[in-house]
Amino acid sequence: MIPFSVLDLAPIVEGGDASQSFANSLDLAQHAERWGYKRFWMAEHHSMPGVASAATAVILAHVAAGTSTIRFGAGGVMLPNHSPLVIAEQFGTLAALHPGRIDLGLGRAPGTDQAAAYALRRNLDSDANQFPRDVVELQRYFDAPEPGQRVRAIPGEGLKVPIWILGSSLFGAQLAAALGLPYAFASHFAPGLMEEAVAIYRRDFKPSEQLDRPYVMLGYNVFAANTDEEAHFLASSMQQAFVALRTGQPTPLPRPVENYLETLPPQYRAMLDQVLSCTAIGSTDTIAARMRDFVDRTGADELMITSQIHDHKARLRSFEIAASVR
């Protein structure tokens, strides 16, 4: 039995708003804690009508305050958008508020398009080596201060907030291995290089103060319901959202529709088959078989489950069923 965790994008649904999204995130976190999920992570995205977790540290503070035992973290913070010191202060604050319960996942993508990345006021021309240097700088802010150190993260220093490297390519795998950090792969939407990246990470891993052996978390979509038919109906919201995103027309998370896949041209069907290949859709027995096969095939140490479902009660039910098959 491996741990299951929750990735919540704080979806803004068609007909809803950010306030409702945040209330739903807190409710989901409280249920996830009762159902035995290990972590509750939220992701930084910008300028996306269907995602409300742009101010990631702020919303994490909200949901963490309503729970008592489940771990919270960023899955992840897109470090090129920020100075390492600012992130050390933000997550140092969270760690001081919730000792022993905070994780910090770091990615090197902007979490948006170039126009919004430029609006975030970071230099888009930084070289490929900047992200590793920023990660190392951030780690140092969480260490005990050295004599004479002029720049300090207060709060943050000495708290040893666990850092994860996120990725959807081979770059993150190589960096996580070199630094001896746990690795989370975005297989829930970019599975193409998953097996190669995980193999490189495990092969090249160097033990560190934080971690003595490789640890792999894989993203996984679950759309679970009482019947296979209902689950496929619920999954159509995510399928519509992906098509909208890939055609440059992102929207709030749409309401589900019957037989959505049958309405799509072949190229969009093929795109969904590829990007959502790490997905289980169905009733309890159906998703149990698919999830077991996935864990057996990949040797994942942990699954980070996401369930982009329009109706909040149906989304809770999906996570409840997923927890039951663990």
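Visitor: Which residue has a side-chain polar atom 3.0 Å from the backbone nitrogen of A10?
Guide: The test in this predicted model is the polar contact, a pair of N or O atoms within 3.5 Å; within protein, one must be able to donate a hydrogen and the other to accept it, and residues adjacent in sequence count only if both atoms are side-chain atoms. The backbone nitrogen of A10 lies 3.0 Å from a polar atom in the side chain of D8.

Visitor: Which atoms are used for side-chain values?
Guide: Because this is a predicted model, local features need pLDDT of at least 70 and side-chain atom pairs count only at pLDDT 80 or more, while totals for chains, interfaces and linings use all residues. Residues are numbered from 1 along each chain as its sequence is written, hydrogens and water are left out, and side-chain values use heavy atoms.

Visitor: Is D8 buried or exposed?
Guide: D8 sits in strand 1 (residues 4-8); helices (H or I, at least four residues) and strands (E, at least two) are DSSP runs, numbered from the N terminus. Buried means under 20% relative accessible area, exposed over 50% and partly exposed in between, with a 1.4 Å probe and protein chains only. The relative accessible area of D8 is 0%, so D8 is buried.

Visitor: Which residue makes a polar contact, side chain to side chain, with D8?
Guide: Contact means heavy atoms within 4.5 Å, and beyond its neighbours within four places in sequence D8 has contacts that include L28, F40, W41 and R315. The polar contact of the D8 side chain, at 2.5 Å, is with the side chain of S25.

Visitor: How many helices and strands are there, and what is the radius of gyration?
Guide: The protein has 11 helices and nine strands. The radius is taken over C-alpha atoms, and the globule rule is 2.2 Å times the number of residues to the power 0.38. For 326 residues this rule gives 20 Å, and the protein is close to that, so it is as compact as a globular protein of that length, with a radius of gyration of 19 Å.

Visitor: What share of the residues counts as buried?
Guide: Along the principal axes, the C-alpha atoms fill a box of roughly 65 × 40 × 40 Å. Among contacts between residues at least 6 apart in sequence, 73% join residues at least 24 apart. Of the 326 residues, the buried share is 53%.

Visitor: What geometry does the pair Y37 and F319 have?
Guide: Rings of Phe, Tyr and Trp (its six-membered ring) pair if their centres lie within 6.5 Å; planes under 30 degrees apart count as stacked, over 60 as edge-to-face and the rest as tilted. The count by this rule is eight aromatic pairs. The centres of the Y37 and F319 rings are 5.9 Å apart and the planes lie at 80°, so the pair is edge-to-face.

Visitor: What geometry does the pair F40 and F72 have?
Guide: F40 in strand 2 and F72 in strand 3 (residues 71-78) are 32 residues apart. F40 is buried at 0% relative accessible area, and F72 is buried at 1%. Their ring centres are 5.5 Å apart with planes at 50°, so the pair is tilted.

Visitor: Which residue caps the N-terminal end of helix 6?
Guide: Helix 6 (residues 170-179) has buried residues G172, A173, L175, A176 and A177. Helix 6 is followed by G180, with a positive phi near 65°. At the N-terminal end, a side-chain oxygen lies 3.4 Å from the backbone nitrogen of F171, and the capping residue is S169.
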